[in-house]
Every structure is written in structure tokens, then in C-alpha cells.
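I am opening this notebook to follow a few strands and helices through one structure and to write down what I look up as I go. The entries come in the order in which I turned to each part.

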Amino acid sequence: AAPPVVLTERALAGLLPAGDAALLEVEDAGQWPAARRRPAGPAPDDLAYVIYTSGSTGAPKGIAVPHRGAVNNLLDLNDTYGVGPGDRVLGLSSPSFDMFVYETLGILAAGGAVVMPHPDRARDPHHWVDLVRRHRVTVWNSAPALADAFVRAGEERNVRLPKLRVAFFGGDWIPVPLPGRFRRLAPGLAFIALGGATEASVHSITYPVGEVDPAWTSIPYGRPMVNQQAVVLTPALEPAPVGVPGELCLAGTGLTRGYLGRPGLTADRYRPHPGAGTGPAPAGARLYRTGDLARTRADGVIELIGRLDHQVKLRGLRIELGEIESVLRRHPGVDRAVVAARGSGDERRLIGYLVPVPDGAAAPAAAELRALLRAELPEYMVPAVFVTLDALPLSPNGKVDRAALPEPDAAADRAAAAYVAPRDDTELVLAALWAELLEVDRVGAGDDFFALGGHSLLATRLASAVLETFGVELPLRELFEAPTLAEQAQRLAARGRAAGTDVAAVAGIAAALLEMTDEEAHGLLAQHDEHRGHQEHEESRA
């Protein structure tokens with residue numbers, strides 16, 4: 001950042017790297033040189049602050065925010081929701097997270113107060129509940145995950161928070177059940193979803209959440225705030241038609257200068273506005289490419305689909321992880337859901353992580369989740385494994401930390417599931433084919449081919465193995481429709497009847513072969529071939 005002055009404490013001064021900055025120690029405040037004030041004060045386009053964000057790449061980048069955009073944002077929220085001297089907010093956001101800007105500058109500029117948690121209990125939701133009640137906090141401002149923890153603590157204690165009147169949420173997906181749960185603690189609460197990017201002065205889009213539609217898979221993103229613009233563009237930076245996904249781009253008063261000291265990155269993410277010189281975009285206007293995948297509804301409300309950098313490629317197929325997460329969140333037993341791709345090459349697979357709703361009921365079964373996903377999505381988008389967590393891992397800013405998601409324990413998952421041994425020769429032989437392809441020791445009647453690590457390429461090989469073993473074709477489509485061992489055995493028997501083949505008899509021979517030594521099996525197969533050759537000779541003569 002190359003600041004000219006660094007404010008520090010004496011105990012920390014020796015830890016700072018050497019540089020040209022003047023160090024001012026707070027213990028010597030009375031001896032600091034007199035401040036040089038600019039008589040006219042800062043102009044709207046002067047720099048207000050630089051805040052560093054890792055974004056999705058993990059590479060820190062400083063975003064230079066002028067006064068104009070920050071003040072526009074704070075005034076819009078305060079004016080719209082009547083925030084003033086009687087209001088108090090709980091200070092939860094890290095100073096490195098831009099929601100901190102509203103918690104401090106926004107509330108204090110309105111004459112309100114910030115209630116700070118005790119440092120030793122800063123991450124204790126029960127402490128937050130105590131503070132909100134004791135100090136009659138009226139405004140909530142946080143990432144959704146922190147609000148979820150707060151609501152859980154309030155539910156456990158059955159508290160009521162009548163003074164809490166407005167809640168702002170930003171920075172991450174909002175669980176669909178959260179507005180209803182929060183309002184049970186704080187009746188009449190104005191629940192405001194905020195969207196945008198640090199590059200556009202924190203917030204650009206707002207959606208006041210009224211009654212939650214049970215059909216929603218996510219909370220709508222909303223419409224642009226005052227003096228802000230939000231457009232969904234195609235890869236050619238042309239407006240995407242209504243309902244067609246594209247990249248969300250932001251413009252207007254909130255647009256920041258760019259990345260401090262990184263002109264190349266600034267030029268890549270801040271592009272010339274395609275509508276510059278027309279309508280609300282003045283000549284020379286720019287827009288910021290957020291990297292968010294979104295679409296515009298017919299009523300003008302923007303819906304967020306996911307992140308463009310959360311797309312993965314699996315065996316040549318491009319997958320938008322946000323689509324899978326969106327369907328998972330439709331399950332009434334799922335509170336939060338994240339999907340990640342783990343592994344490499346042909347072993348790469350999708351893992352679903354979920355947090356159950358906090359009602360004490362058991363987490364949804366994997367089979368239930370797969371059925372829900374298969375009704376909406378192609379098989380290659382159905383996670384191989386599901387991991388249930390008490391909570392998703394969070395970064396210091398309260399966002400989901402995908403890098404900290406645990407590796408699934410497949411062995412533990414299988415041990416926890418009820419094992420049903422193959423019940424007849426057909427299932428026994430199919431289980432042997434699965435075990436060889438999937439390289440597993442045990443296959444049960446209720447096991448799912450794809451949950452054991454199967455994928456489209458292995459399914460193709462399984463179809464070939466079934467045809468070679470049973471003499472009956474089981475199309476690839478049916479393997480996807482009937483992924484469990486028992487279902488495939490039933491489909492195979494039905495296909496055999498239609499083709500005039502006794503699948504059970506063939507399975508009996510194959511099962512007997514499995515019990516034999518290689519030498520015995522070769523002898524039996526030789527007899528079978530000799531008998532079959534004699535049969536064909538007699539048929540030929542006839």
C-alpha cells in the first residue's frame with residue numbers, strides 16, 4: 001500500500017518491515033507534529049480509503065475507493081431505512097471486510113452508536129445476543145453466516161428482540177429460511193439483502209425481503225441502489241436478454257478508481273461502458289466485471305446464479321457449482337449447501353457439503369439428495385459424496401472458506417450406511433463387475449454406482465461388461481436412471497425377458513464361475529463352447 005504514515009503501538013513498531021513510512025506511536029500522541037489541514041477539505045473524487053480484498057483468487061489487491069461512492073452508499077441506506085441518532089449496531093465485521101465501512105462510518109455519520117463485543121468473546125453468538133438485548137441494538141449488519149449463528153443462539157434461548165428493526169446482509173449467499181427464522185426473534189424486522197462488490201463501493205444492489213416464496217432456491221439479488229447501475233452482459237459485453245445468464249457488471253457513482261498499483265488488472269476488470277454517452281452512462285464511463293453469473297427477471301430483478309470462477313470441468317463437461325448448490329438448498333432439511341470438485345484426472349469428483357436446518361431432525365439421506373438433484377440436473381452434476389457439517393468453515397470476513405472444507409471420509413460414510421449383501425446370483429455377479437471397475441472390496445444391494453466413485457466413463461465400461469457377461473444390453477441411460485445395484489439387477493432382468501434371455505440362469509453360471517479356480521473355470525467354459533458349437537452345427541443342418 002506504501003502509506004506515508006503508519007500509526008502503531010510501541011510494542012509492535014519493531015515488527016514492521018523497514019520502509020519510508022513515518023511511524024507514529026499512539027503512546028506519543030501528545031508529541032505528534034501538527035496536522036496539515038486542507039482548507040477546502042477533501043473533494044468527492046479524492047481517495048477515501050484503500051481496502052484489500054483477496055477475492056476468489058487469494059491474491060491480495062488494494063481497491064482505491066473515493067469519497068463520492070462511499071458517501072452515496074451510506075446515505076442511500078441511512079435515508080431509505082431511517083437510520084439516525086437513536087440507532088445502534090453491533091460491531092461484528094472485521095476491519096478488512098468492507099461491511100465494516102457501514103458499521104462504523106455509516107452509523108456514526110448518522111449520529112448512531114456502535115456496540116463492540118468484548119475481545120475475548122468476539123466470536124461467541126450468545127455474547128452477541130446478550131449485547132443486542134442489553135444495549136437495545138436496532139440495526140444488524142453482517143455476512144449471512146454470522147447472522148445464522150446469532151439466530152441459532154437466540155433460538156436456543158427462546159429470546160425476543162423487539163428493538164431490532166432493520167438487518168443488512170451482504171458478502172455471501174443468504175439461506176432462504178433465514179428471514180423467517182430471524183423475524184421470529186425480531187417481529188417486524190426489515191430484512192435487507194445487499195449485493196455488489198468492493199470495486200463498486202461495497203453495495204450496489206438491494207432487495208428488501210418480504211414474504212419468502214417457498215419455491216425460491218435463493219434470495220433474489222435485487223435492483224440497483226440510488227445512482228448505481230447493474231447490468232447482465234454477454235461475453236461480448238452486450239446486454240443479455242431477459243432470463244439468459246451472463247456476467248453481472250456494475251457501474252455508476254459507486255465505481256471505484258481501480259486496483260492500487262496494478263494497472264493491468266484494473267484494465268482487465270474495469271472496462272469501457274458499452275452504453276457510454278447514452279442514458280445514465282456519461283461519455284467515458286466504465287463498468288466493473290464482477291465475475292458473478294446472473295440473469296435478469298422480466299420484472300427487472302436480478303437473480304444471482306453463482307461465480308464464473310466456481311465453474312469446474314469434469315471429464316470434459318463444464319459444470320456451474322452454483323446450480324447444484326441452488327437445487328440442494330430446495331430440500332426442506334438443508335439450511336446451507338456448498339459443492340466442490342476434488343481430485344484430479346478421471347478420479348476428480350463432486351463433493352456436496354451441507355448444513356441441516358436447525359430443528360434437531362436427522363440430516364437428509366444421500367439417496368434423498370441424489371433423487372432431488374437427478375430430477376433437475378444431468379447425472380454428471382450429481383455429487384458422488386455428501387458430507388454433513390455442523391457449520392460451514394468461514395473466513396475472518398464471515399464468508400464460506402472453500403479451501404477449508406474437509407476431505408470426505410468415504411469409508412466412514414459407507415460404514416455408517418446399512419449394508420445389504422447381494423440377494424441373488426444376478427446381484428452377486430453385478431456386484432463383482434462393480435467391484436472390479438470401482439476398485440472397492442464390497443458392494444451391497446443398496447449401493448449407488450456413482451456414490452462409490454463411478455462416473456460416465458466407468459458407466460460406459462460397465463455397460464460393455466454387462467453385455468459381455470449376460471448377453472443383454474443395458475443402455476447407458478438406464479445405468480444413470482437406476483444407479484443402485486438392486487435397480488440395475490431389476491432392469492437387467494426386464495431387458496432379458498424382452499430379449500428372450502434367462503438372465504437368472506446366465507447369472508447362475510457366472511456366479512458358479514466366480515466360486516471356481518481359474519483352471520476349473522477354463523474347463524467349464526471349454527465344455528460350454530463345445531456344447532454350443534455342437535448346437536449350432538445341428539441348427540445349421542436343420
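Entry 1: I began with strands E20 and E21 (residues 349-356), which run antiparallel and are joined by eight bridges. Since this is a predicted model, I take each value here as a computed one.

**Entry 2: another three-stranded sheet.** Next I looked at the open sheet with the order E3-E4-E14, whose three strands pair in the antiparallel sense. I wanted to know which strands stand at its edges, and they are strand E3 (47-53) and strand E14 (258-259); each has a single partner strand, so one side of each is left without a neighbour in the sheet. Six bridges hold the antiparallel pairing of E3 with strand E4 (residues 61-66), and as one point of reference I noted that Leu47 has Pro66 as its bridge partner in E4. Helix H2 (residues 67-80) lies across E3 and E4, and its run makes about 75 degrees with E4.

**Entry 3: aromatic pairs.** Searching the whole structure for aromatic pairs, I find twelve. One of them joins Tyr81 and Phe168 in an edge-to-face arrangement, with 5.5 Å centre to centre and 70 degrees between the planes. I looked up where the two residues sit: Tyr81 is in the loop between H2 and strand E5 (88-90), while Phe168 is in strand E8 (residues 166-169), so the pair ties together parts that are 87 residues apart in sequence.

**Entry 4: H5 and H6.** Turning to helix packing, I took helix H5 (residues 144-157) and helix H6 (residues 178-185), whose axes come within 10 Å and cross at roughly 45 degrees. That angle makes H5 oblique to H6, and the crossing of the two is left-handed. On the H5 side I listed Pro144, Ala147, Asp148, Phe150, Val151, Arg152, Gly154 and Glu155, and these meet Leu178, Arg181, Phe182 and Leu185 in H6. Sorted by class, the residues of this contact between H5 and H6 are seven nonpolar, one polar and four charged.

**Entry 5: H11 and H15.** My next question was how helix H11 (residues 425-438) lies against helix H15 (residues 503-515), and I found that their axes come within 8 Å and cross at roughly 55 degrees. H11 and H15 are therefore oblique to each other, and H11 passes H15 in a left-handed crossing. From H11 the contact takes Asp425, Thr426, Leu428, Val429 and Ala432, and from H15 it takes Val503, Ala504, Ala507, Gly508, Ala510, Ala511 and Leu514. By class, I note nine nonpolar, two polar and one charged residues in the contact of H11 with H15.

**Entry 6: H11 and H14.** I stayed with H11 and looked up helix H14 (residues 485-499), finding that the axes of H11 and H14 come within 9 Å and cross at roughly 120 degrees. This makes H11 oblique to H14, and here the crossing is right-handed. Thr426, Glu427, Leu430, Ala431 and Trp434 in H11 meet Leu485, Ala486, Gln488, Ala489 and Leu492 in H14. The residues of this contact of H11 with H14 divide into seven nonpolar, two polar and one charged. Reading back over the last two entries, I see Thr426 of H11 listed in the contact with H15 and again in the contact with H14.

Methods: Residues are numbered from 1 along each chain as its sequence is written. This is a predicted model: local features need pLDDT of at least 70, side-chain atom pairs count only at pLDDT 80 or more; totals for chains, interfaces and linings use all residues. Side-chain values use heavy atoms; hydrogens and water are left out. Axes are lines fitted to C-alpha atoms, for helices over the stretch in contact, and angles run from 0 to 180 degrees between N-to-C directions. Helices (H or I, at least four residues) and strands (E, at least two) are DSSP runs, numbered from the N terminus. Angles under 35 degrees count as roughly parallel, over 145 as roughly antiparallel, 65 to 115 as roughly perpendicular and the rest as oblique. A crossing is left-handed if the near helix is turned anticlockwise from the far one by less than a right angle, and right-handed if clockwise. Contact means heavy atoms within 4.5 Å. Ala, Val, Leu, Ile, Met, Phe, Trp, Tyr, Cys and Pro count as nonpolar, Asp, Glu, Lys and Arg as charged, and the others, Gly among them, as polar. Two strands pair if DSSP finds at least two bridges between them. Rings of Phe, Tyr and Trp (its six-membered ring) pair if their centres lie within 6.5 Å; planes under 30 degrees apart count as stacked, over 60 as edge-to-face and the rest as tilted.
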